[in-house]
Amino acid sequence: MASTGEPDRKRRHFSSISPSEAAAAVKKQPFFWPSSEDKLDTAVLQFQNLKLSQKLEAQQVECSILEDKLSQIKEKQLPYNSSLKTVHKSWEKLTASVESCSVRVSDSSSGAHRFVNKEDGSSPAVKNDFINRLLETGATESSSSNICSNQMEENGVNTSSQMTQTLYNLVAATEDLRCLKDELYPTVLRTNLGKDLCGQLALSELESEIKSFRGDLDDVLVKFKSLSRELQSHRDADAKVRVDLKRIRGELEDEVVELQQCNGDLSALRAERDATAGAFFPVLSLGNKLATSDRERDKQRDLQDMETVLKELTVLASGRLQQLKNLHEERTKMLGKMSNLQNKSKSVRCISSSQACLSLKDQLEKSKEAVFQYMALLEKLQVEKDSIVWKEREINIKNELGDVSRKTSAVTDSRMASLDSEIQKQLDEKMRIKTRLGNISRERGRKEIFADMKALISSFPEEMSSMRSQLNNYKETAGGIHSLRADVQSLSGVLCRKTKEYEALQLRSADYASQLGDLNATVCDLKNSHEELKLFLDMYKRESTDARDIAEAKEQEYRAWAHVQSLKSSLDEQNLELRVKAANEAEAVSQQMLAAAEAEIADLRQKMDDCKRDVAKHSDILKSKHEEHGTYLSEIQTIGSAYEDIVPQNQQLLLQVTERDDYNIKLFLEGITSRQMQDTLLIDKYIMDKDIQQGSAYASFLSKKSSRIEDQLRFCTDQFQKLAEDKYQKSVSLENLQKKRADIGNGLEQARSRLEESHSKVEQSRLDYGALELELEIERFNRRRIEEEMEIAKKKVSRLRSLIEGSSAIQKLRQELSEFKEILKCKACNDRPKEVVITKCYHLFCNPCVQKLTGTRQKKCPTCSASFGPNDIKPIYI
Amino acid sequence: MTTPAKKRLMWDFKRLQKDPPVGISGAPQDNNIMHWNALIFGPEDTPWDGGTFKLTLHFTEDYPNKPPIVRFVSRMFHPNIYADGSICLDILQNQWSPIYDVAAVLTSIQSLLCDPNPDSPANAEAARLFSENKREYNRKVIEIVEQSYV
């Protein structure tokens, strides 16, 4: 009772539009409902039904009212949404400003830092106030309606979550900045090393400020965290409330459905009652009790069931109402909180609208700008730092590169030296090759000239040699002349000597002649004396007789002695005479010799004359030869000069040749390039040719096609003409045919008549055919019978034949006989029967074969090749 | 005119027709029983398997007291067969016996194919390969066999 009353009152209190009076009546009715429980009349039931239906209607109405309310509240909420949006915007701005502040705080500038610090010192408090006020305002604004407050709460939650997010971002940003600052700090210190101590002092101040600011920021963070927790709890509670509300709504709907069912049952019961009661309603109770006591009981049972159900439902409803009450209480609490928040937000708004706030905003903007500037500065510094780092790296790299390049340069120097030496070698080689090439080119280029020159040069020595040989000949002849001259001179000398000798000999001969004369004279004297002496001797011989003779003999002896002496001297003179004779002889000889010598001299003179002549001749020839020699020398000189002239020409020619070679090389290179070009052109040409060929082929193909087409056309025309002719002929023939047709039509009729006739004939022939077939059958039968007879006869014939030929045993015997005959045949010749046996091996053969074998040197058995003698052959008789 | 040799050759031909040995066929040439053409198939399960080798047999009037002149027409690679195709076989020379007929001669030649006598070589290379490099010998024999198809 009390539980149901309270929510109603609350509803009335909360809602500006109170529920209708009917609904109130409906709510009062349930209080009397249990009192009429004991009555079991249908009237009561009906009443109850009515009540239930009314209740249902009232509930439906209530539901509709609630829905209307909801829509109204939603409508109301719309402006609040806009306000919330504005609040959001402001909040975002604030957070942005806070962020900027935090960013700015991290900057290391001194002047602006103090200002920022001041600002930051005020900012956490401001934020807290703002949030609180926001929440309060939210509460105050949403106090008019529950749902709106709920939504506001939601919005608040969203905003708070956003706020927390932003805060987290802020914190992260601040931390990042802190890290950045930590990183930057040493760099800044480095950069500022050159600066004053004042800067350092300012930096220390800044650091302290930053520290304080950090502490403030941490406080703010803690506060924000607590607030976010609170909001989280609120959110959770709200979600719970919402879930409960949903559940209750679902239960209410279930109840409504049940009530509808109950209504349906009631209507059914009413219908039944109407049916049973009919018109006599007043006496219905008695009649019904009597007639339909069973039905009544059933109904009562149903009613009881329904009552129990209703009781349960009421119990459930009471429980739910209580739950609802609790939820309402919670909601009121929440709304209170929301109102507080809204108040706070309002205050925040007031603050924001105030001048201080505006100034703050301005300051914030300024600080933002400053922060941006510092950010830009920082970025620049970072860029510079990066650039410095990059430069350092570059320098390092350059140094390394320089080292590397030095090393490489050293290496390259060594390589260069080696390469230079190699180049030198190559140059030397090249020079050598050039010289060789030059030689080769000379040899190659002007071979013909060289050949001519060589021939000329080679011909010179030949001529020279021939001339030399001639000269040698001349020299030899000159030598001969000289020797002849010498001979002549020697001969003249000999001649002189001989003349001298001759003169001496003449003198001597003259002496000898004088001596001879003396000697002759002495000889004559001696002869005279000898004759005197002889006379004296005769006289003495006549005068001297003994003594006197002795004396005289002695005197004569003396005298003889003297005479001997004189004779001896005369003998000596005689010797002289002999000498003279010899001298005379020698004189003769010498005269002869002289004559010979004179002759010789004459000969020699002649020879000399000849020689002189020869000499003269030879001297003439020599002179001519000398002249020739001179001419030859002059010729040689001229040739030499010509040769000398030719040598520079030759050199010039060689130069020309080298130039020609260069030109040739150039030409060759050009030729190569031109060849390449030619190749490419050839390829192009080939391609073009191919194309042309293709084109020509295509053209030929087309021409062929065209010709074919022309042929076809001609053929077609011919055909056309033929067809025309044919057509003409056909038309003619058609006419003919038509005529013929007419004739044939006539003929056809005739043929029809004939056909009919032939039909009749066919009928007749058929009959004949049947008869003939019958005959044929008969004939066939006869033939079969004859064949059977034939077979029988054949069998008889075979039987008779077998009888005639006898049994198969004879055949076997014949075969055996032939086999035996075969065995009895000589194995060697297979012709004659076996006649003899070789007793060594007992192999049988015919006599001629064995005789042939015995005729051979090696007598061996043909079967076993056992040797046998002529005595081993024995005849056998089979 | 029938001579003992011709008679005997007729008998040989009849026997060869009636009871031919495995892998052997022979027949007299046209209008001359003294000249025969024969065909020997390579013995199975030997390198000679699948070969068909043509031979000619020339008989004299002294047959069967004198051996026929047998000669391979197909190109051969065998230690006992000369390059001109004549065969170095004892029964065709000094070990001839009048009881040998054409079938006996051809069967002995057939058995000679796979059982050569390298002690009396007629083809030195074949004999060397047969005694030293059986693989190469078999390869050459297979070559000859493949040539004999043509």
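**Basis of the model**

A residue counts as buried at under 20% relative accessible area, as exposed at over 50%, and as partly exposed in between (1.4 Å probe, protein chains only). This is a predicted model: local features need pLDDT of at least 70, side-chain atom pairs count only at pLDDT 80 or more, and totals for chains, interfaces and linings use all residues. Residues are numbered from 1 along each chain as its sequence is written, chains are lettered from A and ligands numbered from 1 in the order in which they are written, and side-chain values use heavy atoms, with hydrogens and water left out.

**Confidence in chain A**

The average pLDDT of chain A is 79, and 81% of its residues score at least 70. pLDDT is the predictor's confidence in each residue, from 0 to 100. Residues 134-153 of chain A stay under 50. The model has 94 contacts beyond four places in sequence for them; contact means heavy atoms within 4.5 Å. Residues 278-291 of chain A also stay under 50, with nine such contacts. Where pLDDT is low, the predicted coordinates should not be read in detail.

**Chain A and its ring pair**

Chain A has 13 helices and three strands. These are DSSP runs (helices H or I, at least four residues; strands E, at least two), numbered from the N terminus. Of its 878 residues, 23% are buried.

Over all chains, the structure holds 11 aromatic pairs. Rings of Phe, Tyr and Trp (its six-membered ring) pair if their centres lie within 6.5 Å; planes under 30 degrees apart are stacked, over 60 edge-to-face, the rest tilted. Trp91(A) and Phe224(A) have ring centres 6.2 Å apart and planes at 40°, so this pair is tilted. Trp91(A) lies in helix α3 (residues 42-106) and Phe224(A) in helix α6 (residues 197-277), so the pair ties together parts 133 residues apart in sequence. Trp91(A) is buried at 4% relative accessible area. Phe224(A) is buried too, at 4%.

**Rings in chain B**

Phe77(B) and Tyr137(B) have ring centres 6.0 Å apart and planes at 45°, so they too form a tilted pair. Phe77(B) sits in the loop between β4 (69-72) and α2 (102-114), and Tyr137(B) in helix α4 (residues 134-148), so the pair ties together parts 60 residues apart in sequence. Both Phe77(B) and Tyr137(B) are buried.

**Strands in chain B**

Strands β1 (residues 24-29) and β2 (residues 32-41) of chain B run antiparallel, joined by six bridges. Strands pair if DSSP finds at least two bridges between them. Ala27(B) has Asn37(B) as its bridge partner in β2(B).
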